[in-house]
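Colleague: Can you walk me through this one? I'm new to it.
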Amino acid sequence: MIIITGTPGTGKTSVAEELAKLTKRSVVHLNDYIKKNLDVEYDPAYESYSVDTKLLEDLDFGDAIVEGHLAHFIKRSEMTVVLRCDPRELAKRLENRGWSERKIAENVVAEILDVISAEANGMDVDTTNTTPVECAKKIMNGHPDEVDWMKKYSSCLSPNDVETLKKIKSNKC
Ligand SMILES: Nc1ncnc2c1ncn2[C@@H]1O[C@H](COP(=O)(O)OP(=O)(O)OP(=O)(O)O)[C@@H](O)[C@H]1O
Ligand SMILES: [Mg+2]
């Protein structure tokens, strides 16, 4: 399995589809699989589904590309890719989906703090200012990107995620 994970909006579904074309592998959209096959509950407080990630550990989809923000909880993997996106650009991508300000802010802050990258311990690939097909080629060539959003945005961090988002959007950091 090639695991493609990352903060929501970083480009997992788009890149997985391009990588599937280049490698002739199939794609498993893990969130769809989870909703169909596992016990999940919608948690209105977090505006998302809560999943027991232990149930993901032993999943095996052969040589498929498995994409989703929880995909790195699957233990067996040939390669783990963490897609990244500049937080300012990520905020725009998530706004285009009509998500609430709070949900956008939580995800943008998680991206700045490398939350998924730290959990997944994989190869970072930056999807900012490039195309899904270029990212897929980078994965095939095994060329990781150096990502350090803290360097650029640490002065934006505030205890309140929505405040952080506002500062990022107003170019105040
Ligand atoms: N280089 C890139 N790679 C991938 N996506 C990109 C890239 N540049 C721009 N995008 C855009 O980013 C947006 C988010 O992509 P996508 O839906 O694939 O993200 P995702 O990580 O699968 O999100 P989610 O976790 O919510 O499913 C899309 O509109 C996509 O076209
Ligand atoms: Mg997706």
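This is a predicted model: local features need pLDDT of at least 70, side-chain atom pairs count only at pLDDT 80 or more; totals for chains, interfaces and linings use all residues.

Colleague: Okay. Where does Ala71 lie?
Modeller: Ala71 is in the loop between E5 and E6.

Colleague: And is Ala71 buried or exposed?
Modeller: Ala71 counts as buried, because it has 31 C-beta neighbours inside 10 Å. The cut-offs are these: a residue is buried if 20 or more other C-beta atoms lie within 10 Å of its own, exposed if 12 or fewer, and partly exposed in between, with C-beta atoms placed from the backbone.

Colleague: What does Ala71 touch?
Modeller: Leaving out residues up to four places away in sequence, Ala71 touches Ile3, Ile4, Thr5, Leu30 and Val66. Contact here means that the C-beta atoms of two residues, placed from the backbone, lie within 7 Å. Ala71 and Ile4 are 67 residues apart along the chain, yet their C-alpha atoms are separated by 6.6 Å.

Colleague: Let's do the sheet. What's the strand order?
Modeller: It's an open sheet of 5 strands, ordered E2-E5-E1-E6-E7, with parallel pairing. Strand E2 (27-29) and strand E7 (123-126) are the edge strands, each pairing on one side only. Two strands pair if DSSP finds at least two bridges between them.

Colleague: How many degrees are neighbouring strands turned against each other?
Modeller: On average 25 degrees, direction ignored, for neighbouring strands of this sheet. For angles like that, axes are lines fitted to C-alpha atoms, for helices over the stretch in contact, and angles run from 0 to 180 degrees between N-to-C directions.

Colleague: Which strands does E1 pair with over 5 bridges and over 3 bridges?
Modeller: Strand E1 (residues 2-6) pairs with strand E6 (residues 79-84) over 5 bridges, in the parallel sense. With E5, E1 has 3 bridges, also in the parallel sense. Ile4 stands opposite Val81 in E6, and its bridge partner in E5 is Glu67. Gly6 has Leu83 opposite in E6.

Colleague: How many residues of E1 are buried?
Modeller: E1 is mostly covered, with 5 of its 5 residues buried. Both faces are covered: one side has Ile2, Ile4 and Gly6, the other has Ile3 and Thr5.

Colleague: What does H1 lie across?
Modeller: H1 lies across E1, E2, strand E5 (65-67) and E6, and runs at about 170 degrees to E5. Helix H2 (residues 30-37) packs on the sheet too, touching E2 and E5, and its direction makes about 55 degrees with that of E2.

Colleague: Switching to the ligand. Which residues come nearest?
Modeller: There are 16 residues around ligand 1, and Pro8, Gly11, Lys12, Thr13 and Ser14 come nearest. A residue is near a molecule or strand if its C-beta atom, placed from the backbone, lies within 6 Å of it.

Colleague: Which helices supply that shell?
Modeller: Helix H1 (12-23) and helix H6 (132-141) each supply at least two residues. H1 gives the largest share, 4 residues.

Colleague: Now H4. Which of its residues are buried?
Modeller: In H4, the buried residues are Ile104, Ala105, Glu106, Asn107, Val108, Val109, Glu111 and Ile112. They pack against helix H3 (87-95), H7 and helix H8 (161-169). Just after H4, Asp114 takes a positive phi of about 60 degrees.

Colleague: What's the phi of Lys24?
Modeller: Near 60 degrees, a positive value in a residue other than glycine. Lys24 lies in the loop between H1 and E2, and counts as exposed because it has 7 C-beta neighbours inside 10 Å.

Colleague: Last one: where's Pro144?
Modeller: Pro144 is in the loop between H6 and helix H7 (149-153). Pro144 has 15 C-beta neighbours inside 10 Å, so it counts as partly exposed. Not counting residues up to four places away in sequence, Pro144 touches Met123, Asp124 and Val125.

Note on methods:
Residues are numbered from 1 along each chain as its sequence is written. Chains are lettered from A and ligands numbered from 1 in the order in which they are written.
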